[in-house]
Amino acid sequence: MKLRYAVLLLCALSFSSLFVGVSSLSLFDVWQMTEEQRQIFWSSRMPRLLSILMAGAGMAIAGLVMQQLTQNKFVSPTTAGTMDAARLGMLVSMLAFAGASSLVRISVAVAFAVAGTFIFMYILERVRGKDPIFIPLVGLMFGNILGSITMFFAYRYDLIQNMTAWLQGNFATIITGQYELLWFVVPIVGFTYWYADRITVVGMGESFAKNVGVSYRTVVNIGLILVAVMTSLIVLTVGMIPFLGLIIPNIVTIFRGDHMRKNLPFTAVFGAIFVLVCDLFGRTIIYPYEIPIGLTVGVIGSGLFLYLLLRRQRYGL
Amino acid sequence: MILAESVTKQYGAAAVVDEVTASIREGTMTTFIGPNGAGKSTLLSMVSRLLKRDGGSVSIDGMPMEHFHDKELAKKLAILKQSNEMNVRLSIYDLVSFGRFPYSRGRLTAEDRRVIDESIAYVELESMQNKYLDELSGGQRQRAFIAMILAQDTDYILLDEPLNNLDMRHSVQIMKVLRSLVDDLGKTVVLVVHDINFASCYSDFILAMKNGKVVKEGRTWEVIHPDHLKEIYDMDFQVQEINNQKICVYFS
């Protein structure tokens with residue numbers, strides 16, 4: 001499939017996404033919107049679409065980078081504890097830095113995500129050589145431990161409502177003023193693209209990287225920070241979108257190979273398409289009500305993941 | 001010339017490589033031989049900067065290895081570790097293009113593309129250059145990695161067991177390619193090989209190791225001798241001359 005067609009499909013879906021919702025706003029109204037419709041369009045529909053695109057592309061790329069760095073097809077921010085670490089960070093920032101500016105609180109969450117990811121990598125280095133399936137299991141356990149700590153303190157301090165809001169990703173509450181943080185994903189993706197060759201080289205192993213004069217440690221560390229920052233920005237604004245970083249990069253690399261500069265645009269576009277489709281699905285299936293995106297992505301994603309696991313021999317994952 | 005002086009590597013109390021001094025002459029093929037655990041691969045890794053040494057020094061063309069910048073060293077000396085465990089979906093062309101990374105940092109110039117095409121042609125993989133590595137046979141895969149090293153255009157090429165997991169035909173093919181790198185392109189090739197007869201038939205110099213020490217070093221013709229081989233491997237060898245090549249018989 002050519003990238004062109006994928007982009008075309010993405011545009012078509014984006015366009016239709018703008019005109020699905022409870023308030024009536026059809027294509028024909030665009031040229032003569034009432035004040036109310038204009039309001040809905042610019043402060044709800046557009047932010048929602050933009051955040052879906054950025055979160056979808058961002059999570060898929062975060063997964064791609066992680067799989068490349070760990071040389072394991074089953075590692076992603078979901079299966080490495082990154083998301084849970086970010087959530088723990090948010091709890092800590094709510095408890096300890098309640099009065100601080102949002103920038104401080106975001107930084108705390110990001111710092112936790114980075115630390116969590118590095119701890120996972122530390123564990124990973126100690127169990128290397130085991131079955132590739134074993135590593136994401138360790139990551140999931142690690143994530144669950146962090147999750148239980150978060151829940152424990154959330155219960156104690158009556159913050160459970162706030163925390164569950166982040167447990168399941170949700171685009172329904174996105175309005176102007178709440179999603180702008182996501183714009184940071186764009187320069188991070190840009191940098192990742194520029195940095196892609198180095199990440200590919202590192203994905204071929206430490207001796208391969210050293211041989212061509214690339215500092216293995218530096219690239220791994222920068223890559224992990226990119227992943228952790230991107231993930232926590234997305235978790236902070238829309239919540240957890242499970243499995244996305246796992247399925248999309250795996251499907252894309254089956255067809256496009258592991259050369260990151262070549263498969264990154266596909267990963268970004270398909271990540272966005274996948275979330276957009278799930279979102280449209282969630283918005284229409286019990287119309288006028290909505291299913292949160294975390295649920296749709298989780299159900300469709302875990303199904304696809306299971307399929308990938310069962311077919312892994314065939315694709316040499 | 002690569003010069004290693006009293007190079008040492010220790011794991012715990014045991015020295016895997018124990019104060020080894022060795023030199024590798026330019027424009028020749030040198031083979032490291034010896035039983036398992038003799039320290040051949042460890043020595044190769046230290047000489048090629050992959051592994052930090054616990055003592056001694058390594059110099060390349062008279063300059064200590066530490067004085068080279070990473071990028072500069074990558075244009076001078078290439079190392080290929082056992083490649084069969086690598087699990088990446090890259091096309092042959094893309095893999096070989098990473099050999100140009102020290103020069104172009106990923107943005108290929110016309111000159112880079114010329115070198116890549118030449119390298120692929122040298123190992124005769126042009127017809128399948130867009131195939132993914134995981135679709136190749138062991139021999140094709142190894143040739144693809146050699147093409148990548150070739151594209152790196154270094155004076156020194158070090159290979160750790162390049163014949164591992166290859167059948168006889170592919171092994172001969174690889175050794176012929178490596179030999180022609182020395183004879184036709186003037187490269188210096190250093191490799192670790194387990195099959196003593198490949199070492200005997202193809203290399204100019206042999207460095208034999210045992211228990212972390214060099215037990216014999218010299219021209220292939222001199223080292224391949226029943227007495228030396230017995231000292232290295234603790235077993236009996238018969239050495240026969242066939243077509244001007246010394247063939248070792250040790251199977252029974």
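Chain B of this predicted model has an open sheet of 4 strands, ordered β2-β1-β4-β5 and paired antiparallel. A second open sheet in chain B has 6 strands and mixed pairing. Over in chain A, UniProt (unreviewed entry) lists several stretches as "transmembrane region", and the two chains meet through 23 residues of chain B and 18 residues of chain A.

- At the edges sit β2 and β5 (63-64) of chain B, each pairing on one side only.
- Strand β1 (residues 2-11) of chain B pairs with β2 (residues 14-24) of chain B in the antiparallel sense, over 7 bridges.
- Within that pairing, V7(B) faces V20(B) in β2(B).
- The hairpin made by β1(B) and β2(B) has 2 residues between its strands, and G12(B) there has a positive phi near 70°.
- β1(B) also pairs antiparallel with β4 (residues 55-60) of chain B, this time over 5 bridges.
- For T8(B), the bridge partner in β4(B) is G55(B).
- Helix α1 (residues 40-47) of chain B lies across β1, β2 and β4 of chain B, at about 120° to β1(B).

**A closer look at E5(B)**

- E5(B) belongs to strand β1(B).
- Leaving out residues up to four places away in sequence, E5(B) touches T21(B), G56(B) and S57(B).
- T28(B) is 23 residues away from E5(B) along the chain, and the C-alpha atoms of the two are separated by 20 Å.

**The 6-strand sheet of chain B**

- The strand order here is β6-β7-β8-β3-β9-β10 (chain B), and the sheet is open.
- β6 and β10 (213-219) of chain B are at the edges with a single partner strand each, so each has one side left without a neighbour in the sheet.
- On average, neighbouring strands in this sheet are turned by 15° against each other, ignoring direction.
- β3 (residues 29-33) and β8 (residues 188-192) of chain B run parallel and are joined by 4 bridges.
- T31(B) has L191(B) as its bridge partner in β8(B).
- Helix α10 (residues 226-233) of chain B packs on this sheet, touching β9 (205-210) and β10 of chain B, and its direction makes about 155° with that of β10(B).

**Where chain B touches chain A**

- The contact draws on 23 residues from chain B and 18 residues from chain A.
- On the chain B side, the elements giving two or more residues are α2 (70-74), β6 (77-80), α3 (92-98) and α4 (101-104).
- α2(B) gives the most to that side, with 4 residues.
- By type, the chain B side splits into 12 nonpolar, 4 polar and 7 charged residues.

**Helices and annotated spans of chain A**

- The UniProt "transmembrane region" stretches of chain A include residues 88-121 and 291-310.
- Residues 88-121 of chain A are 85% helix and 0% strand, with end C-alpha atoms 18 Å apart.
- Residues 291-310 of chain A come out at 90% helix and 0% strand, and their end C-alpha atoms are 28 Å apart.
- Helix α9 (residues 216-238) of chain A has 23 residues, which should span 33 Å at 1.5 Å a residue; its end C-alpha atoms are 33 Å apart, so the two agree.
- Of the 23 residues of α9(A), 17 are buried, so α9(A) is largely enclosed by the rest of the structure.
- After α9(A) comes G239(A), with a positive phi near 95°.

Conventions:
Residues are numbered from 1 along each chain as its sequence is written. Chains are lettered from A and ligands numbered from 1 in the order in which they are written. This is a predicted model: local features need pLDDT of at least 70, side-chain atom pairs count only at pLDDT 80 or more; totals for chains, interfaces and linings use all residues. Two residues are in contact if their C-beta atoms, placed from the backbone, lie within 7 Å. Ala, Val, Leu, Ile, Met, Phe, Trp, Tyr, Cys and Pro count as nonpolar, Asp, Glu, Lys and Arg as charged, and the others, Gly among them, as polar. UniProt positions are given in the numbering used here, feature names are shortened, and annotations may be inferred rather than shown by experiment. Two strands pair if DSSP finds at least two bridges between them. Axes are lines fitted to C-alpha atoms, for helices over the stretch in contact, and angles run from 0 to 180 degrees between N-to-C directions. The expected span of a helix is 1.5 Å times one less than its number of residues. A residue is buried if 20 or more other C-beta atoms lie within 10 Å of its own, exposed if 12 or fewer, and partly exposed in between; C-beta atoms are placed from the backbone.
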